[in-house]
Amino acid sequence: MSNQFINTQLVSNTALAMFANNAPFVMTGSRIYQDDFQNSGYKIGDTLQVRRQNNFVVGDGSTAVPQDIIETVENITVAHQYHALIAYTVQDLSLRIEDFSRMFIQPAIQNIVTQMERDICRAAELELYFFQGAAGTPINSFSAVDLAGAKLLEQGVNISSDAYLAMTVRDGSALKSALLSGFTPVFNEDIVRQSAIGHLSYFDVFQSQNIVQHVAGAGPRLTPGDTLLVNGAVSSGSTIVMDGASISVTNYFVPGDVFSIAGVHSVNPLSRQSTGQNMQFVVTANASSDGAGNITVSVAPSIISSTSSPLQNVDNAVPNNAVVTMVSTYNCNVAYPSRALDIVCPPLYKLQVPYSSVSVDPETGLSLAVTQTGDILGYQNLMRIDILCGFKWHPQYAAKLLS
């Protein structure tokens, strides 16, 4: 005889296990701020301010010059309450937990996870400015992966442990095919999370169906032959004026477009020494060209060229007439250590109904709420699965690996 299925706590525990096993981004992001949200009754719209690492200019000699602390903060906002509402019949209550999970819980969790992972990927597309690789070219070599690590190391990012690379399914297949003839035992063993490929270079590599493709603005996509030049030197700020664009093009650049500028290099944030690599930027707002081919572009990061600033990020001011190199449509694969992605999933309050449960996984801090009730008008049972979530990319610690 089948077991009658009314144990809400059992449902939430089962759903939590499925959630954890199918969320590679969620499972690799940092959870260090989880406790700050754990017992504070957070809800949609609540925000936690996170201080960025302070840097200082180091002197040499007996005379010291006091320097102000330039403190910056980033916000982690609980902006999402993902949920699925399931209707099931009286007959479905007689199913065993395994059957009920397969028919109802597993599909619901898969859809919740997909939406969460997709939103995290979309945020990476819009916020990350460092990049490696070539748009439209598959990731099909050890070198392609290793250079992503080199990019992070140049920027002073510690990737000695807990470093990950999320890539499209097709890029993962191309990478495996390219390494098929090589003897790479670590790459094929000890796969500990679903969709993971293995360890290569600095990274635990996994494939994800939720990596987004960024569709570039009309300029890089339709008029890639334009010779864009910086129109006026920029020593600080987040606005760059360019000329040489095709005239009167709407949305020449769109948020998520990336480009580099010759003649100005990024610097290691700790030593403030030039990396020798052209500085890279991501567009943060739509920008259209005018009737003379000029275009004003809002970018991140904000340019800081002053050598006296501990936050210096370029080796000199962006020079006038510097050449701008645009990037067309690309897949937004992401190389990152855990500290580049903060995720919080504070527990929800239980609803005041007979069957309600909130489960928190002690290892990951993931929290799921499961609520059951009935609809007397439609004579059906209802189950709702909810999760609160907030996440924040810290762009200084991550890089896009374009393909």
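# Cores, cysteines and strand 18

Modeller: The largest nonpolar core here has 95 residues, and those with the most contacts inside it are Phe-253, Phe-259, Ile-261 and Trp-393. Helix 4 (residues 97–127) gives the most to this core, with twelve residues. Keep in mind that this is a predicted model, where local features need pLDDT of at least 70, side-chain atom pairs count only at pLDDT 80 or more, and totals for chains, interfaces and linings use all residues. Residues are numbered from 1 along each chain as its sequence is written, and side-chain values use heavy atoms, leaving out hydrogens and water.

Colleague: What makes a set of residues a nonpolar core?

Modeller: They must be buried Ala, Val, Leu, Ile, Met, Phe, Trp, Tyr and Cys residues joined through side-chain atoms within 4.5 Å. Buried means under 20% relative accessible area, exposed is over 50% and partly exposed is in between (1.4 Å probe, protein chains only). A second, separate core of six residues includes Leu-48, Ile-76, Val-78 and Leu-388.

Colleague: How do you know that Cys-332 is in no disulfide?

Modeller: A disulfide is a pair of cysteine sulfur atoms within 2.5 Å. For Cys-332, the nearest cysteine sulfur, that of Cys-121, is 7.4 Å away. A search of the whole structure finds zero disulfides.

Colleague: Why is Cys-332 called buried?

Modeller: Because its relative accessibility is 1%, Cys-332 counts as buried.

Colleague: What makes strand 18 mostly covered?

Modeller: Twelve of the 14 residues in strand 18 (residues 380–393) are buried. Strands are DSSP runs (E, at least two residues), as helices are (H or I, at least four), numbered from the N terminus.

Colleague: How do you know that strand 17 and strand 18 pair?

Modeller: Pairing takes at least two DSSP bridges between two strands. Strand 17 (residues 367–375) and strand 18 have seven, in the antiparallel sense; Gln-372 has Met-383 as its bridge partner in strand 18. Four residues lie between these strands in a hairpin, where Tyr-379 in the turn has a positive phi of about 50°. Strand 15 (residues 341–344) also runs antiparallel to strand 18, joined by four bridges.

Colleague: Why is the charged end of Arg-339 said to sit over the ring of Tyr-397?

Modeller: The rule asks for NZ of Lys or CZ of Arg within 6 Å of the ring centre and within 35 degrees of the ring normal. Arg-339 sits over that ring, 3.9 Å from the centre.
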